[in-house]
Amino acid sequence: MAAVMELPSTREESWRWGDPAAIAAAAGLPRGEAPAGAWFLELEGARAVFVDGVLDEGRSDLRHVAIAPLEGGTHVLGARTTGHGWSLRVEAHASAELIQIVHIATGGENHVPAEIVLADGAQASVVETYVGTGWSNRSTRMTLGAGAKLARAVRLLQTAGFVSVRDEADVGAEASLIVTMLGAGDAGTRIDGAITVSGDDAFAEYGGALLARRDQRQECALSVRHAALNGQSKQIWRAVAADTSTASLAARVEVARDAQKTDGVQSLRGLLLKRTATVNLKPELEIFADDVKCAHGATVGELDQRALFYMQSRGIPHAKAQALLTRAFVGDAFAQIADETVRDAFVADADAWLEAAL
Amino acid sequence: MLKIENLHAEIDGKEILKGLSLEVNAGEVHAIMGPNGAGKSTLGYVLGGRPGYEVTSGSVTFDGVDLLELEAHERAAAGVFLGFQYPVEIPGVSNVQFLREALNAQRATRDEKALSGGEFLKLARGQADLLGMDYDMLKRPVNVGFSGGEKKRNEMVQMGIVNPKFAILDETDSGLDIDALRVVGDGINRIMRAPDKAVLLITHYQRLLDYVEPDFVHVLADGRIVRSGGKELAQQLESEGYVGIAA
Ligand SMILES: Nc1ncnc2c1ncn2[C@@H]1O[C@H](COP(=O)(O)OP(=O)(O)OP(=O)(O)O)[C@@H](O)[C@H]1O
Ligand SMILES: [Mg+2]
């Protein structure tokens, strides 16, 4: 198949650290066997398995999740997902059971759109896990009504290929959105997030950790826009790069003129496990309101040599000491995950990555 | 137990230890005193295996084993403990987690069974109690926000937990208040005063030596041991200073 794929160019500012060539290469990987593994966490609730973008009904228990035709939006990658995807709609003041979605890719490319629509006061919690190889492309549109609460945790664990995730969210008055991402596989990664805090007194947190090794490239381009009064947002990101890998974070906070009393926290921190690795950080603040509190910090460093020796002098081998320090570094990005089982899974994924990378 | 012969060591190309020899037998406590910058901490780091310190000649054997051939963590497992002059803060890693990893890593290196969580906590609680350290401090990140004296006390709690054969204690007395000095002195005696153990006590002051009586006192100046004697040498240094003695 020689279809010309239209992909973003690295000449575009938001793709300056991007790796469109890796997307094309991932899409060209031949389809093969699905990897075996127990990808669901031991938690009650609805379950969906997508294999190469197609629902595997036998392994799914959809309950209140529906499969429906959905629009992928206008984003350059998100737009490609237009078609059948999964939809979660929760009525006012209802609480949905936990939803777990496992995306298994065996090669080639697959595109799935999703929507999560929470009416006023509704609550939901979603855990997504990506495994396998090939190009997995997703768009997820999240709409939170007044006082709604959504917790979403995404584990990017593909062993090869590329995962691109486009998230769009609209957070209503007094609503709370908490999204946590973990890139701990060996696939290329592109996370695009556009969050709008559109109701007063709302809270939006979008953060996570990218753990890159070998010649892998992982990146996130995120923007959180405050368009209402008294909003709070947090972007806590940790990027770890080993070997000759590159991890990049471009995160933006935008405060519109009317969004007075906004409280935005942005913390981007990078850790280089080798001098040959690269971490790019691009924090951006664009503030048009005058009564605003925005704390932000961006730093890249290496592991503290004194701490490493201190630990070794107490009997901890070098690699283990590196792992403990790196785990502590990454841990801040998972603190917002309320469900202990989910948080433990993130820590275990990070530990497995550390075990392999160090 | 420890035999250092004609040790030369440098850091960043600068020679700091310039032919240091010292022998410590089981059951002995040796005090090392000496002017600032003489190389006392450097000796501790070289014995502990800190990266960046290059031994250019000489030898160090510990229980007949070439200590310099071992990696830092293997030295710990062999029974060497280094109490730091400036204990390091480790944000995000709790004392309990750190010490349990440390103890079990040492045990693994020695082919011993790991302690369970319960066994470890009992041990850690006991040692913290003996050194008058609040148990809650064990749950805090390693040394983060600890006062100078609390850090030193924590070093001793760690020593109590790993129970080494040989301890190099680098100015463990500095930063301690009068009561803490006695508690720490008692701790050193309790943990390390045994016929099969030995201590190298680096200090500037006689005070600690009132609690932990040394069998030998050495003066380290300009990278060498320039004078050795009994505990009376420490008293003489206290009253006369290094001028004259170290020359
Ligand atoms: N990286 C380095 N490069 C060059 N010189 C160094 C380096 N690190 C330490 N030194 C020097 O080594 C010498 C010995 O230092 P050391 O810390 O061993 O002294 P000390 O005897 O412990 O002193 P104090 O009593 O003040 O603790 C000092 O002159 C110090 O400046
Ligand atoms: Mg010193």
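# Exercises on a predicted two-chain model

**Exercise 1. Which residues of helix 3 of chain A are buried?**

Solution. A residue counts as buried when its relative accessible area is under 20%. In helix 3 of chain A, one run of buried residues consists of Ala321(A), Gln322(A), Ala323(A), Leu324(A), Leu325(A) and Thr326(A). Ala328(A), Phe329(A) and Val330(A) complete the list of buried residues in this helix.

**Exercise 2. Describe the largest pocket and state which element gives the most to its lining.**

Solution. Begin with the volume, which is about 690 Å³ for the largest pocket. Next, consider the lining: 34 residues line this pocket, and those closest to its centre are Leu325(A), Arg327(A), Ala328(A), Phe329(A) and Pro91(B). Helix 3 of chain A gives the most, with eight residues. Finally, sort the lining by class: 19 residues are nonpolar, seven are polar and eight are charged.

**Exercise 3. Describe the second largest pocket in the order used above.**

Solution. The second largest pocket holds about 320 Å³ of space. Its lining has 20 residues, of which Trp39(A), Leu157(A), Thr159(A), Ala184(A) and Gly185(A) are the closest to the centre. Strand 6 (123-144) and helix 4 of chain A are the elements that give two or more residues to this lining. Helix 4 of chain A gives the most, with five residues. By class, the lining has 12 nonpolar, four polar and four charged residues.

**Exercise 4. Which residues coordinate the magnesium ion (ligand 2), and where in chain B do they lie?**

Solution. The coordinating atoms are OG of Ser41(B) and OE1 of Gln85(B), at 2.0 to 2.2 Å. Ser41(B) belongs to helix 1 (residues 40-48) of chain B, whereas Gln85(B) is in the loop between strand 6 (80-83) and strand 7 of chain B. The two residues are 44 residues apart, and the pair thus links distant parts of the chain. Both Ser41(B) and Gln85(B) are buried.

**Exercise 5. Compare the radius of gyration of chain B with the value from the globule rule.**

Solution. The secondary structure of chain B comprises nine helices and 12 strands. The radius of gyration of this chain is 18 Å, close to the 18 Å that the globule rule gives for 247 residues, so chain B is as compact as a globular protein of that length. Along the principal axes, the C-alpha trace of chain B spans about 55 × 40 × 35 Å. Of the 247 residues in chain B, 52% are buried.

**Exercise 6. Where do Arg63(A) and Asp63(B) lie, and what are their phi angles?**

Solution. Arg63(A) lies in the loop between strand 2 (54-55) and strand 3 (65-70) of chain A. Although Arg63(A) is not a glycine, its phi is positive, at about 50°. With 41% relative accessibility, Arg63(A) counts as partly exposed. Asp63(B) is in the loop between strand 4 (53-62) and strand 5 (65-66) of chain B. The phi of Asp63(B), also a residue other than glycine, is positive and near 50°. Asp63(B) is partly exposed, at a relative accessible area of 40%.

Terms used: Residues numbered from 1 in each chain as written. Chains lettered and ligands numbered in written order. Predicted model: local features only at pLDDT ≥ 70, side-chain atom pairs only at ≥ 80, totals over all residues. Heavy atoms only, no water. 1 Å grid on protein atoms, 1.4 Å probe; cavity = no way out; pocket = protein on both sides within 12 Å on 5 of 7 lines; lining within 4 Å. Points joined across faces, edges and corners; volume = space filled by probe spheres on them. Helix = DSSP H or I, 4+ residues; strand = E, 2+ residues; numbered from the N terminus. Nonpolar A, V, L, I, M, F, W, Y, C, P; charged D, E, K, R; others polar. Donors = N, O, S within 2.8 Å, 3.2 Å for Na, K, Ca; no water. Buried < 20%, exposed > 50% of the residue type's maximum accessible area, 1.4 Å probe, protein only. Rg over C-alpha atoms; globule rule 2.2 N^0.38 Å.
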